[in-house]
Amino acid sequence: MSAIEMSEASGGAAVAWPTELRVSRDRRTLTVTYDDGATFALPAEYLRVTSPSAEVQGHSPAERKTVPGKMEVMIIGVEPVGNYAVKLVFDDMHDTGIYGWDYLRRLGEQHAERWSEYLSELAAKGMSREPPRRR
């Protein structure tokens, strides 16, 4: 079944299908290329703090968590989930988010807006992107 057929079967609109996912050598960027030519370079920190996991998103918008201290996080694994998503594994051992193709696309298209909101949330809560330092 194609991505369009899967999306239509689930009642959604047609989605673009990724043709390539590539983790950079430094493990700090995931580049996603779609069959319509769109390409998004998504920083590991951004992917980690916007994880679709219940741990980050909660079970309602009111439960969503602001995740600080992930500036140096790296992607250490990309595992396929059927033909509709990937599970990303980060070096802080977070691995419960399932990143669907449509969610990755939205993260790419809305990167600037979402990142600005994240930085504002950190500032409002007195949090930092810097990881905690060991003593």
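Trainee: In which loop is the place of Met 93?

Mentor: Met 93 has its place in the loop between β5 (85–90) and β6 (98–100). Strands here are DSSP runs of E with at least two residues, helices are runs of H or I with at least four, and both are numbered from the N terminus. Note that this is a predicted model, in which local features need pLDDT of at least 70 and side-chain atom pairs count only at pLDDT 80 or more, while totals for chains, interfaces and linings use all residues. Residues are numbered from 1 along each chain as its sequence is written, and side-chain values use heavy atoms, with hydrogens and water left out.

Trainee: Why does Met 93 count as exposed?

Mentor: The relative accessibility of Met 93 is 57%. Exposed means over 50% relative accessible area, buried means under 20%, and partly exposed lies in between, with a 1.4 Å probe and protein chains only; Met 93 therefore counts as exposed. Met 93 also has a positive phi of about 75°, although it is not a glycine.

Trainee: What makes Arg 27 partly exposed?

Mentor: Arg 27 has 35% relative accessibility, so it counts as partly exposed. Its place is in the loop between β1 and β2, and it has a positive phi of about 65° although it is not a glycine.

Trainee: How do you know that β1 and β2 pair?

Mentor: Two strands pair if DSSP finds at least two bridges between them. Strand β1 (residues 18–23) and strand β2 (residues 29–34) are joined over five bridges in the antiparallel sense, with Val 23 opposite Leu 30 in β2. β2 also pairs with strand β3 (residues 39–43), again antiparallel and over five bridges. Four residues lie between β2 and β3 in their hairpin, and Gly 37 in the turn has a positive phi of about 95°.

Trainee: Why is the pair of Trp 17 and Trp 101 called edge-to-face?

Mentor: Rings of Phe, Tyr and Trp (its six-membered ring) pair if their centres lie within 6.5 Å; planes under 30 degrees apart count as stacked, over 60 as edge-to-face and the rest as tilted. The structure holds five aromatic pairs. The rings of Trp 17 and Trp 101 have centres 6.2 Å apart and planes at 75°, so this pair is edge-to-face. Trp 17 lies in the loop between α1 (3–9) and β1 and Trp 101 in helix α4 (residues 101–109), so the pair ties together parts 84 residues apart in sequence. Trp 101 is buried, with a relative accessible area of 11%.

Trainee: What makes the pair of Trp 115 and Tyr 118 tilted?

Mentor: The distance is 5.1 Å centre to centre, and the angle between the planes is 40°. Both residues lie in helix α5 (residues 111–124), three residues apart, about one turn of the helix. Trp 115 counts as buried at 18% relative accessibility, as does Tyr 118 at 7%. Together with Tyr 46, Trp 115 and Tyr 118 form one aromatic cluster.

Trainee: Why is one side of β4 and of β6 left without a neighbour in the sheet?

Mentor: Three strands form an open, antiparallel sheet in the order β4-β5-β6. β4 (75–81) and β6 stand at its edges, each with a single partner strand, so one side of each has no neighbour in the sheet. β4 and β5 pair over six bridges in the antiparallel sense, and Ile 75 stands opposite Phe 90 in β5.
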